[in-house]
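Open the model in your viewer and keep the selection tool at hand. We will go from one stop to the next, and each stop tells you what to select and what is there.

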Amino acid sequence: MITLHKLTIIGLGAGDLDQLSLGTYRKLQEANFIIARTEQHAAALELRAEGIVIKSFDYIYEKHDSFENVYEEIVDLLIKMCLEKPVTYVVPGHPLVAEMTVQLLIEKEQQGIIKLEIAGGSSFLDPMFAALRIDPIEGFQLLDGTDMKCDDVHMTQHVLIGQVYDAFVASE
């Protein structure tokens, strides 16, 4: 039976290193191999400036026409990397908020293919609630702007729409 090393998934938060908890920062300092879904994140750039080596999957985005194919390749590569050594995978925000690669990895964990540790990272939701003065206990919806239908919107709750990353998605 093939044994995989643990995959640690760490969220880099919604901004710079100052948003990371001390515990999360220490995990990153102690990691032997770190790979980022994308290095296009302030915290990743700051970690590199501090001398922490971070590889990235940015090159995969250039190879595919759809995010689905990008995410599937990233997950496949992470599993292969875990055959060789423990891997720390860093993602923007919180790993469990709008992060498809993490959802795919959780499916692999449920199938017994890989063992995950998920840690750290605040999502964009906390600063959004603060800026809009919304208490989430009042109810809110977080919708995916790339896969949204009018019927998804419940006007009795606050509605936040994520994944609006360009003018086309916004116009849709």
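Select Lys 149 to begin: with a relative accessible area of 48%, Lys 149 is partly exposed. In this tour, buried means under 20% relative accessible area, exposed means over 50%, and partly exposed is in between (1.4 Å probe, protein chains only).

The term salt bridge stands for a side-chain nitrogen of Lys or Arg within 4 Å of a carboxyl oxygen of Asp or Glu. Side chains of opposite charge can pair when their charged atoms come close.

Before moving on, a word about what is on your screen. This is a predicted model, in which local features need pLDDT of at least 70 and side-chain atom pairs count only at pLDDT 80 or more, while totals for chains, interfaces and linings use all residues. Residues are numbered from 1 along each chain as its sequence is written, and side-chain values use heavy atoms, with hydrogens and water left out.

**Stop two: a salt-bridge network**

How many salt bridges are there by this rule? The count comes to six. Select Lys 6, Lys 27 and Glu 117, which are linked in a network of salt bridges.

Look at Lys 6 and Glu 117: their side chains meet in a salt bridge of 2.9 Å, N to O. This pair links distant parts of the chain, 111 residues apart, with Lys 6 in the segment before strand S1 (7–11) and Glu 117 in strand S5. Helices (H or I, at least four residues) and strands (E, at least two) are DSSP runs, numbered from the N terminus.

Next, turn to Lys 27, which forms a salt bridge with Glu 117, the closest N and O atoms being 2.5 Å apart. This pair also links distant parts of the chain: Lys 27 is in helix H1 (residues 22–30) and Glu 117 in strand S5, 90 residues apart.

**Stop three: two buried residues**

Select Thr 101, in helix H5 (residues 100–110). Thr 101 counts as buried because its relative accessibility is 0%. Leaving aside neighbours within four places in sequence, Thr 101 is in contact (heavy atoms within 4.5 Å) with Arg 37, Tyr 71, Ile 74, Val 75, Tyr 89 and Val 91.

Then move to Met 81 in helix H4 (residues 67–84). Met 81 has a relative accessible area of 17%, so Met 81 is buried. Not counting residues up to four places away in sequence, Met 81 touches Phe 33, Ile 35, Phe 57 and Val 87. Try the distance tool on the C-alpha atoms of Met 81 and Phe 33: they are separated by 9.8 Å, although the two residues are 48 residues apart along the chain.

**Stop four: the cysteines**

Select Cys 82 and Cys 150. Cys 82 is buried because its relative accessibility is 0%, whereas Cys 150 is exposed, at 73%. With a disulfide taken as a pair of cysteine sulfur atoms within 2.5 Å, the count is zero disulfides.

**Last stop: the whole protein**

Clear the selection and show the cartoon view. You can find seven helices and seven strands. Read along the sequence, they follow the pattern β-α-β-α-β-α-α-β-α-β-α-β-β-α. The radius of gyration is 17 Å, close to the 16 Å that the globule rule gives for 172 residues, so the protein is as compact as a globular protein of that length. That radius is taken over C-alpha atoms, and the globule rule is 2.2 Å times the number of residues to the power 0.38.

Buried residues make up 38% of the 172 residues.
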